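Okay, thanks for coming, everyone.

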Amino acid sequence: MKDVNVGVIGLGNVGSGALAILNTNAEQIAQKLGFRLRVAAVCSRSVASLNLPDVPVDALRTADWRDVVTHPEVDVVVELVGGTGVAKEMLDGAIANRKSIITANKELMALEGADIWDRAIKAGINLAMEASVAGGIPIHTVLREGISGDRIVAIAGILNGTSNYILTEMERRGDSFDQVLAEAQALGYAEADPTADVDGYDARSKLAILSALAFGERITPGDIFVEGIRRITAQDFDYAHQLGHTIRLVCSAQQTERGLMLSVRPALIPQSTILAGVKGAYNAVWVKGHFGADTFYYGRGAGPNPTGVAVVSDLMRVAREIRSGSPERVSPFAHERLGVYRPVSITQQHRPYYLRFRVDDRPGIIAELAGILASKRIGLEAVLQLPCDTKHDLPFVITVESTSELAIREATEQMSKLDFLREPPLALPMEPPL
Ligand code: HSE
């Protein structure tokens, strides 16, 4: 059968990983497909200075992405540039020229994926985006095909490797957030501007895509409550351990009676759960189906090889569809159409909560805090205080019975006005296993 020709735009980590796999694994890929994937064009702004040992000598090398999307031989355009600016023009250009698309672009697909997909369908081309979420974990394929016969009721994931690395190193070594972040930046594990990772925005884009796939609704990142990990301290891990829990940045989607509730936030999770065992830069997705119950997916969330595998596997599936003449045999969002999502406010979520205080110690503090909790009808569960040698900045924890996020917010807002508090209370939900 005829080769399928590929044009790759963006030759950074993921691009070079995908090209290396296409080159070094070419024979096995051809055996699996019955035809070859041929790299016909590559594009990078700095293409002239790149060595590109994995690119065939006869492939076009260009600094202008338009050369790739208009290339007469290219069947599939691989967009690995990222962001929502020029990448969108590239996808528009690919669609206009009826080239199928593979993308790793989580920001763009989270924001506009459903519209891009509609236009791809109209143009009769394929769209695949496995590499956009949890790099090496084939979670799109799972939701799109593997368990598509089930009705998903909940997802809980760890979708940002940088923040998981920081949290689990704080937990392991007892170091502060700032210390571990600075070290991760020096080693190149964390970006110079860490906002997208540590404030939860990267994970939020990924959850938006996974939720659209799982629940068949148009979910954009702005629909999702987000809170980052900057306020977590090493002492929070000590207290969490006392309670049989640990702390992770949890991406959660749950069908409730009110509708689909979505959040990305640090939470206490029981140490006995499989999610608590996810350490370092690993990602994981735990899916609960109405019929098939729990399934769990674990792997590397980033890196040239794991993400490169996702890109190449997408390429293989799209190439098969091109050669069999059946584009979009399974739509990228797993549903024929995405419905309208009506966001459910996180304030309606009910959970037990962990409240951590830092106080300038004096008699009567617990009584005052307990009085505020009682006035909001929040039941106190436990008070914990680990040994501490300073009375002027004394941490302690109160856990409370299941209550609404709204009640907790009202209570902590009232507490924040108390003069003995060194900072507003930190409130973390205690997430039950799915
Ligand atoms: N910055 C992401 C992370 C990897 O730390 O998981 C790319 O999505």
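I'll start with the ligand and then go through a handful of individual residues.

Quick housekeeping before that. This is a predicted model, so to speak of local features we need pLDDT of at least 70, side-chain atom pairs count only at pLDDT 80 or more, and totals for chains, interfaces and linings use all residues. Residues are numbered from 1 along each chain as its sequence is written, and side-chain values use heavy atoms, with hydrogens and water left out.

Which residues are around the ligand? They are K106, N160, G161, T162, D197, D202, K206 and A302, where a residue is near a molecule if one of its heavy atoms lies within 4 Å of it. Split by class, that shell has 1 nonpolar, 3 polar and 4 charged residues. On the classes: nonpolar covers Ala, Val, Leu, Ile, Met, Phe, Trp, Tyr, Cys and Pro, charged covers Asp, Glu, Lys and Arg, and the others, Gly among them, are polar.

Two helices stand out in the list: α7 (161–173) and α10 (201–215) each give at least two residues to the shell. Helices here are DSSP runs of H or I with at least four residues, strands are E runs of at least two, and both are numbered from the N terminus.

Now the polar contacts, meaning pairs of N or O atoms within 3.5 Å; within protein, one must be able to donate a hydrogen and the other to accept it, and residues adjacent in sequence count only if both atoms are side-chain atoms. T162 has a polar side-chain atom 2.5 Å from a ligand oxygen. For N160, a side-chain N or O atom is 3.4 Å from an oxygen of the ligand. D197 goes to a nitrogen instead, with a polar side-chain atom 2.9 Å from it. How much of the ligand does the protein bury? Taken alone the ligand exposes 260 Å², and the protein buries 78% of that; those areas are Shrake-Rupley values with a 1.4 Å probe.

Let's go back to α10, the helix that also holds A208. Is A208 buried or exposed? Its relative accessible area is 1%, so A208 is buried. The cut-offs are under 20% for buried, over 50% for exposed and partly exposed in between, with a 1.4 Å probe and protein chains only. A208 and R258 are 50 residues apart in sequence, and their C-alphas are 18 Å apart in space.

Over in strand β15 (residues 350–359) we find R356. This arginine has 2% relative accessibility, so R356 counts as buried. And what does its side chain contact? The R356 side chain makes a polar contact with the side chain of D236 at 2.8 Å, and another with the side chain of E423, also 2.8 Å.

I9 is in strand β1 (residues 4–9) and is buried too, at 1% relative accessibility. Between I9 and D197 there are 24 Å in space, C-alpha to C-alpha, and 188 residues in sequence.

L52 has phi near 55 degrees, a positive value in a residue other than glycine. L52 is in the loop between β2 (37–43) and β3 (60–62), and it's buried at 14%. A334 is another non-glycine residue with positive phi, near 70 degrees. A334 belongs to the loop between α12 (304–324) and β14 (339–340), and its 24% relative accessibility makes it partly exposed.
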